[in-house]
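Work through the exercises below with the structure open. Each task is followed by a worked solution.

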Amino acid sequence: MTEVLEKKGIKNGLVYAIILFSVYIYLFFFIGIYFIWNKEVPNTGTDWLVLIGSSIAYLSFSGFLFLVVIITSIYLIFKDISFFQSIKENWTVILAFLYPLLPNLPGPWDEGILGFVLLVIRLILFWKTGKMPEEKKK
């Protein structure tokens with residue numbers, strides 16, 4: 001009796017890691033900008049101390065949480081059953097979550113770079129499958 005040993009792990013662990021990291025980054029900026037640093041310029045020494053104290057507490061907690069998120073993301077990536085299969089099946093989701101984190105280049109440079117990357121991905125998929133996606137028939 002032969003048993004097929006399957007690799008134990010997490011299917012699409014890479015995608016879960018990127019989603020976890022992206023959600024952490026988005027929440028970090030949202031909470032920091034809208035709740036901590038969205039106040040008028042402090043006028044008194046007490047207001048400055050409150051701002052400095054809240055900033056230190058927020059950044060300390062966020063730094064600790066960042067370590068937890070990074071360790072969890074690395075664990076999910078290593079436990080992924082098939083790393084390249086996860087990229088192949090979910091590249092659009094990965095690109096959608098990571099695109100806002102890319103630096104904003106001036107003018108049309110960022111759209112041009114993204115268009116070039118998508119063109120390369122489209123050509124790779126064309127060569128792998130041997131066919132272009134059909135256009136919708138009217």
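## Pockets and rings

The lining of the largest pocket divides into 10 nonpolar, no polar and two charged residues. The model is predicted.

**Exercise 1.** Find which helix gives the most to the lining of the largest pocket.

Solution.
- Start with the volume: about 320 Å³.
- List the lining: Phe84, Ile87, Lys88, Trp91, Ile94, Leu95, Leu98, Leu102, Ile121, Ile124, Leu125 and Lys128.
- Now look at the helices. α3 (83-98) and α4 (109-129) each supply at least two residues.
- α3 gives the most, with seven residues.

**Exercise 2.** Describe the second largest pocket by volume and by the classes in its lining.

Solution.
- The space is about 190 Å³.
- Lining residues include Leu95, Tyr99, Asn104, Asp110 and Val117.
- Sort the lining by class: eight nonpolar, one polar and one charged.
- The largest share, four residues, comes from α4.

**Exercise 3.** Classify the aromatic pair of Tyr24 and Phe28, then that of Phe28 and Phe29.

Solution.
- Two values are needed, because a pair of aromatic rings is described by the distance of the centres and the angle of the planes.
- Tyr24 and Phe28 are 6.3 Å apart, centre to centre, with 25 degrees between the planes; the pair is stacked.
- Both residues lie in helix α1 (residues 13-36), four residues apart, about one turn of the helix.
- For Phe28 and Phe29, the centres are 5.3 Å apart and the planes are at 70 degrees, so this pair is edge-to-face.

**Exercise 4.** Is Tyr24 buried or exposed?

Solution.
- Buried means under 20% relative accessible area.
- Tyr24 has 10% relative accessibility, so Tyr24 counts as buried.

Methods. Residues numbered from 1 in each chain as written. Predicted model: local features only at pLDDT ≥ 70, side-chain atom pairs only at ≥ 80, totals over all residues. Heavy atoms only, no water. 1 Å grid on protein atoms, 1.4 Å probe; cavity = no way out; pocket = protein on both sides within 12 Å on 5 of 7 lines; lining within 4 Å. Points joined across faces, edges and corners; volume = space filled by probe spheres on them. Nonpolar A, V, L, I, M, F, W, Y, C, P; charged D, E, K, R; others polar. Phe/Tyr/Trp six-rings, centres within 6.5 Å; stacked < 30°, edge-to-face > 60°. Buried < 20%, exposed > 50% of the residue type's maximum accessible area, 1.4 Å probe, protein only.
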